Amino acid sequence: MCELLGMSANVPTDICFSFTGLMERGGKTGPHADGWGIVFYEGAAVREFRDPTPSCHSEIAQLVSQYPIKSCNVISHIRQANSGRICLENTHPFVRELWGRQWTFAHNGQLKGVKKLPLGCYQPVGTTDSEHAFCWLLGEIRSRFPKPPKRQQTLWREIKRLCDQLGAMGVFNMLFSDARQLYCYCSTKLCWITRKAPFTEAVLRDAELSVDFSHETTPDDIVTVIATSPLTENEQWKQMNKGEFRVFRDGILLQ
């Protein structure tokens, strides 16, 4: 199974600490050695890095873990291949445009029969069930809403309904963002933590690294991190339930 990492923050924040823990699971402390990727939102654009090599040995991943790229929304993924060969085009996250926004998607799990779902204007570049699911999901949203709905809750309900449909096909743990909101859907395994004042020290599980966030933040900062399993050993992460759908914006839980 793959692993996911996401971040939603109210101020541009780097994800070096959390990503350092995640990249160790990509072939060192975990079996997810079939590629990795990360997307940082910067205004209307995305800065993305993807590599089909294990993240624990990737020089690009090493760069990302040390270079403090700051963003309010981040999605990352390390892959354990089960559908589609190991190559760059099959490496998550995937990005497509809708309503003049760049949407990013990463998935953990297998979806039996998903490629039977008809596609419209969005077509996969690679051969994974994940990218097919993303193209279908975004196409269904575009078909239902040619323009963004006035009430964002209307969109949220539709995304939840489509996620439930995909979840019925197998394991569907997902991170999905349009640069504004970060959407999370749990089929089997996903958790999150919100850090805000008073900030304390955090210690990684997969690397010998700790950070005292009180020295790195201001009292007004709010940062939520979502992961497949907790990245730190001394903090209380909230586990999501099967079929649970969450929406974060600026680090704050909206739904």
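How are α1 and α2 oriented to each other: roughly parallel or roughly antiparallel? α1 and α2 are roughly antiparallel, a label for angles over 145 degrees, while angles under 35 degrees count as roughly parallel, 65 to 115 as roughly perpendicular and the rest as oblique. This is a predicted model, in which local features need pLDDT of at least 70, side-chain atom pairs count only at pLDDT 80 or more, and totals for chains, interfaces and linings use all residues. Residues are numbered from 1 along each chain as its sequence is written, and side-chain values use heavy atoms, with hydrogens and water left out.

**The two helices**

- The axes of α1 and α2 come within 8 Å and cross at roughly 150°. Axes are lines fitted to C-alpha atoms, for helices over the stretch in contact, with angles from 0 to 180 degrees between N-to-C directions.
- C16, F19, T20 and M23 of α1 meet A61, Q62, V64, S65 and Q66 of α2. Contact means heavy atoms within 4.5 Å.
- The residues of this contact divide into five nonpolar, four polar and no charged. Ala, Val, Leu, Ile, Met, Phe, Trp, Tyr, Cys and Pro count as nonpolar, Asp, Glu, Lys and Arg as charged, and the others, Gly among them, as polar.
- Buried means under 20% relative accessible area, exposed over 50%, partly exposed in between (1.4 Å probe, protein chains only).
- After α1 comes G27, with a positive phi near 115°.

**The hairpin**

- Strands β2 (residues 36-42) and β3 (residues 45-51) run antiparallel, joined by seven bridges. Helices (H or I, at least four residues) and strands (E, at least two) are DSSP runs, numbered from the N terminus. Two strands pair if DSSP finds at least two bridges between them.
- G37 has R50 of β3 as its bridge partner.
- Two residues sit between the strands of this hairpin, where G43 takes a positive phi near 65°.

**Two buried residues**

- D51 lies in strand β3. Its relative accessible area is 10%, so D51 is buried.
- S55 sits in the loop between β3 and α2 (59-66). S55 counts as buried, at 1% relative accessibility.
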